Amino acid sequence: MKRIAIFASGNGSNAENIIRYFKEKESAAEVCLVVCNRKEAGVYERCQRLGVDILHVPKAEINSIEKMLPILENYSIDYIVLAGFMLMIPEFLLERFPRRIVNIHPSLLPKYGGKGMHGHHVHEAVVAAGEKESGITIHYVNEFCDEGEIIFQASVPVLKSDTPEDVENKIHDLEKKHFPRVIEEIVKTDK
């Protein structure tokens, strides 16, 4: 059984969806740990409710090989999944987990990716540009923000009448439907 750590910075809706997905079915993986860099994040309550260990690990410790690697080794982590995680992944983790760190982005990359492009900022930009579609991109993480190899994309139409909130709701539906399933496919194909 492969062991997953989720890195999250916020509300935790994607983290909860992934945890529930792997708890509620026979699978090749389980979520063993959630790492959060913000003490006030909503993901803590969700993890407590779901019975999953969550650790507050400040940015300085995430970026410290002496602090971060022992945590992940203690939990025998095989994969890291970023679910609303707002920090860049340090190089030592990229080296330790090659093609085993996965992120989801709320646009069809390479459009609307990069620094500052997250959450509502993406949806506002999509609507302002008059895009006819938007979607999600699930990708491997590399040293560049939102530039890792694309694993999966799904799209939804953006109507002229759509507000950024409408687009956000459509994107959340795509995330909920696809992210856990794609993670499971990645884990299943790992030798």
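Mentor: Let us begin with Glu95, which counts as exposed because its relative accessible area is 56%, over the 50% that the term requires. The model in which this value was computed is a predicted one. Glu95 belongs to helix α5, which covers residues 91–96.

Other charged residues are paired. In general, side chains of opposite charge can pair when their charged atoms come close. By the rule applied here, with a cut-off of 4 Å between a side-chain nitrogen of Lys or Arg and a carboxyl oxygen of Asp or Glu, the model has 12 salt bridges.

One of these joins Glu30 to Arg3, with 3.3 Å between the closest N and O atoms. Glu30 is part of strand β2 (residues 29–36) and Arg3 is part of strand β1 (residues 2–8), so this pair ties together parts that lie 27 residues apart in sequence. Both partners are partly exposed: Glu30 has a relative accessible area of 32%, and Arg3 has one of 24%.

A further salt bridge connects Glu16 with Arg46, and here the closest N and O atoms are 2.4 Å apart. This pair, too, links distant parts of the chain, since Glu16 sits in helix α1 (residues 13–23) and Arg46 in helix α2 (residues 43–50), 30 residues apart. Glu16 is buried, because its relative accessible area of 9% falls under the limit of 20%.

Helix α2 also holds a pair of its own. Glu45 and Arg49 meet through their side chains in a salt bridge, at 3.7 Å from N to O. The two residues are 4 positions apart within helix α2, which is about one turn of the helix. Glu45 counts as exposed, at 55% relative accessibility, whereas Arg49 is partly exposed, with a relative accessible area of 48%. Through shared partners, salt bridges join Glu45 and Arg49 with Glu16, Arg20, Glu24 and Arg46 into one network.

The backbone also deserves attention. In general, most residues other than glycine have a negative phi, and most peptide bonds are trans. The bond from Leu109 to Pro110, however, is cis, with omega near 15°. Pro110 lies in the loop between β5 (101–105) and α6 (120–128). Tyr112 is found in the loop between β5 and α6 as well, and this residue has a positive phi of about 60° although it is not a glycine. Arg99, in the loop between α5 and β5, likewise has a positive phi, near 55°.

The protein chain has 7 helices and 7 strands, which follow one another from the N terminus in the order β-α-β-α-β-α-α-β-α-β-α-β-β-α. Its radius of gyration is 16 Å, which agrees with the value near 16 Å that a compact globule of 191 residues would have. The C-alpha trace spans about 50 × 35 × 35 Å along its principal axes. Of the 191 residues in the protein chain, 51% are buried. Glu16 is one of the buried residues, while Glu95, with which we began, is exposed.

Technical notes
Residues are numbered from 1 along each chain as its sequence is written. This is a predicted model: local features need pLDDT of at least 70, side-chain atom pairs count only at pLDDT 80 or more; totals for chains, interfaces and linings use all residues. Side-chain values use heavy atoms; hydrogens and water are left out. Buried means under 20% relative accessible area, exposed over 50%, partly exposed in between (1.4 Å probe, protein chains only). The radius of gyration is taken over C-alpha atoms; the globule rule is 2.2 Å times the number of residues to the power 0.38.
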